[in-house]
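Hi everyone, thanks for making time. I'd like to walk you through one model, a stop at a time, so please keep the picture in view while I talk.

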Amino acid sequence: MRQVVLISTGGTIASRRIGDGYAATLTGPQILEGSGVSDGPRVRVRDLFTVNSSALTTAQQLTLLGAVHEALADDGVDGVVVTHGTDTLEESAFLVDLHHGDDRPVVFTGAQRPPDHVDSDAPANLRDALAVAADGRGLGALVVFDGLVHAARGTMKGHTLAVDGFGDPSGPRVGEVAGGRVLVRHRPPRPEPLPPPVPSAPAPRVDIVMHHAGADPLLLRAAVAAGAQGVVLAGAGAGNAAPSFVDAVAEAVSAGVLVALTTRVPAGPVTGMYSGGGGVDLIAAGAVPSGTLRAPQTRMAVLSALLHHTDPAERTATLRRLLAAAP
């Protein structure tokens with residue numbers, strides 16, 4: 001019988017109503033019991049956190065990364081399932097994917113409707129995730145919701161409440177789960193993974209700055225002044241900003257800050273098309289374009305590059321490699 005490790009971290013799938021709202025209170029065994037799974041792989045549960053994922057810290061995400069590697073250190077384990085809140089699931093899944101070189105899958109799932117909802121999606125999502133974890137070798141880190149299987153890279157939460165709220169707006173999905181069977185339609189490329197970060201390494205500060213009409217680089221400079229070692233600029237269009245951002249990016253880069261350029265647009269690549277403060281100038285100033293990754297996952301790539309190098313040139317080269325990998 002196949003064996004899967006279930007790592008629970010909280011989120012809607014672990015929530016019940018308390019007063020006027022929902023909060024994560026359920027343990028991993030309670031989540032598993034509530035799913036009604038009666039067959040399939042043997043499951044070993046590890047309770048890591050029980051938090052709303054909007055409150056998850058970078059340090060906790062690194063702890064989760066370590067827990068995944070610990071689970072896969074057991075050769076008898078066929079795969080890992082992580083139950084996670086949907087608010088920041090795309091970030092944690094991509095962080096794991098960046099450091100995942102094992103053939104065995106790591107499957108992230110959760111719920112858009114809590115377990116005590118009359119039409120909760122929690123049981124079906126967990127059952128599907130367990131099936132994928134037991135039989136999804138060679139697919140990397142994955143996200144499973146509403147019977148659909150997505151590669152971690154590029155997948156984002158695209159709807160606040162819909163049960164099929166996850167997907168990659170710029171790429172194909174991996175497949176689906178039907179009748180407990182995993183149907184693979186697309187095998188995502190597996191870029192060379194980063195080694196696990198040093199467990200005791202402190203998490204560097206990485207901030208996201210959003211561009212908008214009338215914006216100036218005050219917040220970007222404030223992030224650097226606050227000690228940010230990395231900044232993600234979410235530009236407009238294909239990765240554009242007001243002309244005043246160009247000097248601010250150049251100043252940050254010259255100070256050793258790792259700057260990445262993404263876009264607030266849901267789909268499509270970041271490209272150097274426009275000058276006058278656009279992507280052409282921002283990239284020339286030292287910002288690294290994110291390809292088709294959006295701000296939350298781009299931040300994870302910046303974080304990983306910072307954790308693995310101290311030299312600014314090596315950090316930039318690593319970030320370019322992480323962001324240029326095929327979607």
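This is a predicted model: local features need pLDDT of at least 70, side-chain atom pairs count only at pLDDT 80 or more; totals for chains, interfaces and linings use all residues.

Residues are numbered from 1 along each chain as its sequence is written, and side-chain values use heavy atoms, with hydrogens and water left out.

First stop, the aromatics. How many aromatic pairs does the structure hold? There is one. For a pair, ring centres of Phe, Tyr or Trp (its six-membered ring) lie within 6.5 Å; planes under 30 degrees apart count as stacked, over 60 as edge-to-face, and the rest as tilted. Here the rings belong to Phe-145 and Phe-166, with centres 4.5 Å apart and planes at 25°, so they are stacked. Phe-145 counts as buried, at 1% relative accessibility, and Phe-166 does too, at 5%. Phe-145 sits in strand 7 and Phe-166 in strand 10, so the pair ties together parts 21 residues apart in sequence. When I say strand or helix, I mean DSSP runs numbered from the N terminus: helices are H or I with at least four residues, strands are E with at least two.

Next, the cores. A nonpolar core is a set of buried Ala, Val, Leu, Ile, Met, Phe, Trp, Tyr and Cys residues joined through side-chain atoms within 4.5 Å. The largest one has 47 residues, and Ile-7, Phe-108 and Leu-319 have the most contacts inside it. Helix 8, residues 295-308, gives the most to this core, with eight residues. Another core, of 26 residues, lies apart from it and includes Ala-122 and Val-144.

Now find helix 1, residues 28-35. Which of its residues are buried? Gly-28, Ile-31, Leu-32 and Ser-35 are. The buried residues pack against strand 1, strand 4, strand 5 and helix 4, where contact means heavy atoms within 4.5 Å.

Let's move to Ser-15, in strand 2, residues 15-18. Ser-15 is buried, at 4% relative accessibility. A polar atom of its side chain lies 3.5 Å from the backbone oxygen of Ala-23. Strand 2 runs antiparallel to strand 3, residues 21-24, and four bridges join them; strands pair if DSSP finds at least two bridges between them. Across from Arg-16 stands Ala-23, in strand 3. Two residues separate the strands of this hairpin, and Gly-19 takes a positive phi near 70° there.

Last stop: where is Arg-264? Look in the loop between strand 15 and helix 7. Arg-264 is partly exposed, with a relative accessible area of 47%. The side chain of Arg-264 reaches the backbone oxygen of His-211 at 3.1 Å. Leaving out residues up to four places away in sequence, Arg-264 also touches Met-210, His-212 and Gly-235, among others.

That's the tour, and I'm happy to go back to any stop.

Technical notes
Buried means under 20% relative accessible area, exposed over 50%, partly exposed in between (1.4 Å probe, protein chains only). A polar contact is a pair of N or O atoms within 3.5 Å; within protein, one must be able to donate a hydrogen and the other to accept it, and residues adjacent in sequence count only if both atoms are side-chain atoms.
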